[in-house]
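Q: I have a sequence and a structure open side by side, and I would like to learn how to read them together. Could we go through the features slowly, with the general idea before each case?

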Amino acid sequence: MEPTLNRPLRRSFVKGLLGTTSFWMASGHASWAAALAAEATQPYQPVFFNGTEYRFLEAASERLFPADHNGPGAKALGVAEFIDRQMQTPYAHGENWYMSGPFQQGPANLGYQLPFVPRDLYRKGIAGVEHYARQHYGKGFSDLSAPHQDEILTALEGGSVQLDEIPGRVFFEQLRTNTLEGTFADPLYGGNRGLGGWIMLGFPGARADFMDWVNQEGAPYPIGPVSISGETA
Amino acid sequence: MAKTHVDAIVVGAGWAGSIMAKELTEAGLSVVMLERGSERTTPVEGAYPESIDELRGAVRKRLFQNLSQSTVTIRNTMDQTALPYRQLAAFLPGEGVGGAGLHWSGVHFRVAPEDLRLRSSVIERYGEKFIPEGMNLQDYGVTYEELEPFFDKAEKVFGTSGEAYKVQGKIVGNGNVFSPDRSDNFPLPAMKDTFSASIFRDAASNAGYHPYALPAANASRQYTNTYGCQMGPCNFCGYCSGYDCYLDSKASPNVNILPVLRQDPGFTLIPNAHVLRVNLDSTKTKATGVTYLDTKTRKETSLSADLVILGAFQFNNIHLMLVSGIGKPYDPLSNTGTIGRNFVYQTITSSRVWLPSSSYTNQFVGAGGAGVAIDDFNSMNFDHGPLGFVGGSPVWVNQAGTKPIAAATGAGGGGTPRWGSAYKDALINTYKHSLGIDAHGSNMAYRDVYLDLDPTWKDVYGQPLLRMTFTWKDNDIRMNQYVVSRIEPVARAMGATKMNLVHLDAGQPFDTRNYQTTHLGGGAIMGENPQTSALNRYLQSWDVSNVFVIGSNAFPQGMGYNPTGMVAALAYWAAHHIRTTYLKSPGPLVKA
Ligand SMILES: Cc1cc2nc3c(=O)[nH]c(=O)nc-3n(C[C@H](O)[C@H](O)[C@H](O)COP(=O)(O)OP(=O)(O)OC[C@H]3O[C@@H](n4cnc5c(N)ncnc54)[C@H](O)[C@@H]3O)c2cc1C
Ligand code: SF4
């Protein structure tokens with residue numbers, strides 16, 4: 001079960017948690033609550049990922065969704081923080097995936113058949129990419145130039161690299177999906193900082209009332225986004 | 001103390017189950033409805049603003065079936081090993097009170113009358129030889145005229161918005177010219193056209209087609225339904241599909257039936273009750289009740305009943321029939337047996353049209369059932385003779401509210417970048433200035449496409465998983481290709497600066513990784529012959545006459561329309577015959 005938030009306002013949400021962390025403790029989210037509270041004073045400290053892994057995430061997600069003329073990239077939007085926070089949720093433990101064996105591989109179109117949940121995919125996948133980077137480029141991924149990082153990501157996406165137990169493509173898709181989630185999810189989850197992802201797309205967030213805007217003959221929607229917590233931009 | 005005997009047990013708390021439970025309770029029966037998932041009410045599940053959360057909703061799949069407990073296995077062909085459907089993707093079955101009816105979109109169709117007698121209709125027009133080898137084309141055994149009162153009844157319960165074409169023989173409006181006569185108008189006027197839908201309407205009309213407003217179970221106005229349940233006006237928030245409507249504007253069992261049914265002393269709803277099997281007597285011709293597991297306490301309970309209604313959704317109904325020994329399992333080699341036969345789905349491909357950068361499609365604005373469609377290439381509405389395939393597709397712009405994570409993860413591909421700066425350019429342009437056009441078509445039944453029990457994988461209750469053997473066949477691929485080719489002139493007339501027409505490719509296998517629809521059908525179909533159908537025309541099991549199996553499992557082939565309107569009408573139809581005939585003298589309603 002995902003917890004529901006009683007008071008969704010982010011600031012009061014953090015404050016509320018400081019007072020009553022019991023709800024989060026009960027659902028095994030004590031670390032998340034602590035991280036959220038600490039964020040106000042110091043940069044986010046990853047909980048699941050170690051330093052090397054976190055640097056990989058920051059670097060790789062920025063290549064997937066780079067800062068450019070359109071607006072901010074994954075790093076400024078807090079995507080690595082988002083992914084680390086997601087690793088504390090039931091999703092990262094594959095809680096609604098069917099994970100009973102036997103695990104037999106088959107044609108790609110029959111879907112995911114590995115015995116790994118997202119936490120495993122990251123742990124093993126990042127180790128695999130770091131190993132690959134050192135082997136082929138003599139440095140860890142985050143120390144490589146952007147073009148070299150892109151070469152590695154392209155190889156992973158294209159399916160030509162096997163990362164020990166994990167096909168490179170599977171890891172790439174996991175990373176790409178979570179990166180885009182962190183870019184565009186409500187800022188409640190740690191990414192999409194300052195609603196920067198939504199502003200780029202012209203998505204109004206939780207406005208959820210377009211009675212007057214069903215057909216305005218192709219004019220752009222005029223109001224900026226609002227988050228679940230009431231943050232606007 | 002919990003009861004041990006009731007008049008009727010209903011398995012599943014979705015549309016099918018809730019309609020049946022309401023009807024049987026009205027008939028004075030004591031009814032227990034068992035739902036494997038948890039309790040769900042819209043004030044809790046749909047509360048704003050937490051419900052307007054894409055990550056928690058459609059992305060982390062909060063309201064859908066939890067596959068860790070049970071799933072299906074899938075293979076394309078009989079010589080393959082079927083593998084578990086481990087992550088939700090191609091279809092998103094429901095779980096919890098309301099079933100998928102809580103998180104559906106709300107496109108609420110009747111049926112194209114010829115689809116009910118498709119075999120007869122094809123033979124009349126093109127001769128029996130026109131039907132390809134291996135296609136199990138069949139009639140439903142019921143006519144549109146017989147079902148009409150029940151379509152009407154369902155629309156008045158769902159609060160359906162739409163524009164009629166013909167009511168009692170008179171043309172009354174600008175509705176679908178291909179749609180059959182109606183006894184009454186829609187209870188609510190049609191939903192407004194979004195900008196995207198309105199330009200499709202104009203272009204389709206100019207191209208000589210016949211556009212109409214999609215019938216939508218989204219309330220265009222405030223509405224009080226037949227049962228006294230209330231709906232508020234939809235504001236096009238765009239959070240229908242995969243979500244619980246926070247305004248009580250989208251019809252759901254939770255909003256439109258259960259508030260009243262829950263008050264009835266004859267009715268009991270038990271959530272977290274996973275039905276393991278229907279119990280049969282030694283002759284295997286009579287059900288004695290069901291055995292269910294309380295998923296919280298892990299305690300098994302047997303409940304006896306005179307009547308058992310399966311409303312657990314298409315493939316779950318087949319699973320329950322197979323594990324309980326109701327009827328004879330289908331064997332594709334000998335072509336005998338009926339349970340699992342005629343398993344069908346729906347073909348759907350989504351094409352994309354880009355408008356000039358001065359036009360904003362505001363794709364986040366929308367409602368699940370709203371849009372504009374054409375039926376010129378659906379059902380038997382066009383000449384199949386020179387085309388050489390059976391079936392068809394409505395084509396529509398159904399802007400239901402595209403949210404950013406879905407837009408971003410789906411963007412790129414097909415030769416264009418899926419990440420990096422060029423990807424960002426394309427994503428933003430596509431999000432702001434494009435719209436989707438779907439060909440949402442039929443899928444015929446084939447001898448080697450079917451459901452049975454998997455020999456290897458099991459659910460957490462120790463029961464074998466259901467196995468799907470399914471792929472796209474040449475007839476349906478060519479149908480899809482033809483209909484998609486008809487979209488091009490419309491897209492041009494809309495002022496497209498670019499278009500990406502997507503169709504199925506020859507030989508393309510069914511891919512479990514991409515969402516298509518949750519419009520699975522067949523497997524325990526209705527018909528007139530017990531050799532080729534599991535159910536008679538009243539959705540009563542030919543083999544176990546006190547079991548009725550309600551759902552899209554009854555469809556002999558997948559139709560172009562979304563299924564739920566038909567499911568609801570069939571439920572009211574079956575309930576009517578149970579109430580007026582069966583209860584007076586229980587037994588087979590049709591002689592085998
Ligand atoms: C995202 C989405 C959008 C959709 N949009 C549309 C649309 O626009 N138009 C349309 O016509 N259709 C649409 N559909 C399809 C529609 O939701 C279904 O056709 C409809 O809900 C089926 O109703 P049902 O009662 O047969 O099954 P369900 O709603 O699936 O209900 C079955 C219930 O039975 C329960 N159950 C299953 N097995 C057991 C068991 N062993 N014991 C106890 N309980 C059990 C399930 O948990 C579930 O709650 C959509 C579906 C989805 C997922
Ligand atoms: S679009 Fe309308 S019907 Fe759908 S969830 Fe929003 S308000 Fe409800």
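**Reading a predicted model**

A: Let us begin with one residue: B:L520 is found in the loop between β21 and β22 (521-523) of chain B, where strands (E, at least two residues) and helices (H or I, at least four) are DSSP runs numbered from the N terminus. This is a predicted model, in which local features need pLDDT of at least 70 and side-chain atom pairs count only at pLDDT 80 or more, while totals for chains, interfaces and linings use all residues, and side-chain values use heavy atoms, with hydrogens and water left out. Residues are numbered from 1 along each chain as its sequence is written, and chains are lettered from A and ligands numbered from 1 in the order in which they are written.

Q: Is B:L520 buried or exposed?

A: A residue is called buried under 20% relative accessible area, exposed over 50%, and partly exposed in between (1.4 Å probe, protein chains only). B:L520 has 2% relative accessibility, and therefore counts as buried.

Q: Which residues does B:L520 touch, not counting residues up to four places away in sequence?

A: Contact means heavy atoms within 4.5 Å. By that rule B:L520 touches B:F91, B:F313, B:Q314, B:F315, B:F343, B:V344, B:Y345 and B:S552, once residues up to four places away in sequence are not counted.

Q: Where does B:N378 lie, and which residues is it in contact with, leaving aside its neighbours within four places in sequence?

A: B:N378 lies in the loop between β16 (372-374) and β17 of chain B, and it is buried, with a relative accessible area of 1%. Leaving aside neighbours within four places in sequence, B:N378 is in contact with B:G392, B:S393, B:P394, B:G560 and B:Y561.

Q: How should I read a sheet, and in what order do the strands of the 6-strand sheet of chain B stand?

A: Strands of a sheet pair through backbone hydrogen bonds, either parallel or antiparallel. Two strands count as paired here if DSSP finds at least two bridges between them. In chain B, 6 strands form an open sheet in the order β7-β16-β17-β18-β15-β21, with antiparallel pairing. At the edges stand β7 (212-213) and β21 of chain B, each with a single partner strand, so one side of each is left without a neighbour in the sheet.

Q: How many bridges join β15(B) and β18(B)?

A: There are 8 bridges between β15(B) and β18(B), which pair in the antiparallel sense, and in β18(B) the bridge partner of B:V353 is B:L435. β15(B) also pairs with strand β21 (residues 498-500) of chain B, in the antiparallel sense over 3 bridges, where B:W354 stands opposite B:K498. Of the 8 residues of β15(B), 6 are buried, so this strand is largely enclosed by the rest of the structure. On another side of the story, β17(B) and β18(B) pair in the antiparallel sense over 2 bridges, with B:D438 in β18(B) as the bridge partner of B:W396.

Q: What is the order of the strands in the 4-strand sheet of chain B?

A: That open sheet has the order β4-β3-β20-β19, and its pairing is mixed. Its edge strands are β4 (83-84) and β19 (450-458) of chain B, each of which pairs on one side only. Strand β20 (residues 464-469) of chain B is joined to β19(B) by 5 bridges, and the two run antiparallel; in β20(B), the bridge partner of B:Y450 is B:T469.

Q: How can I check the length of a helix, and what span should helix α13 of chain B have?

A: The expected span of a helix is 1.5 Å times one less than its number of residues. The 12 residues of helix α13 (residues 474-485) of chain B should span 16 Å, and its end C-alpha atoms are 16 Å apart, which agrees.

Q: Which residues of α13(B) are buried, and what do they pack against?

A: An α-helix has 3.6 residues a turn, so residues three or four places apart point the same way. In α13(B), the buried residues are B:N475, B:D476, B:I477, B:M479, B:N480, B:V483 and B:V484. They pack against β15 (347-354), β17 (395-397), β18 (434-441) and α14 (487-493) of chain B.
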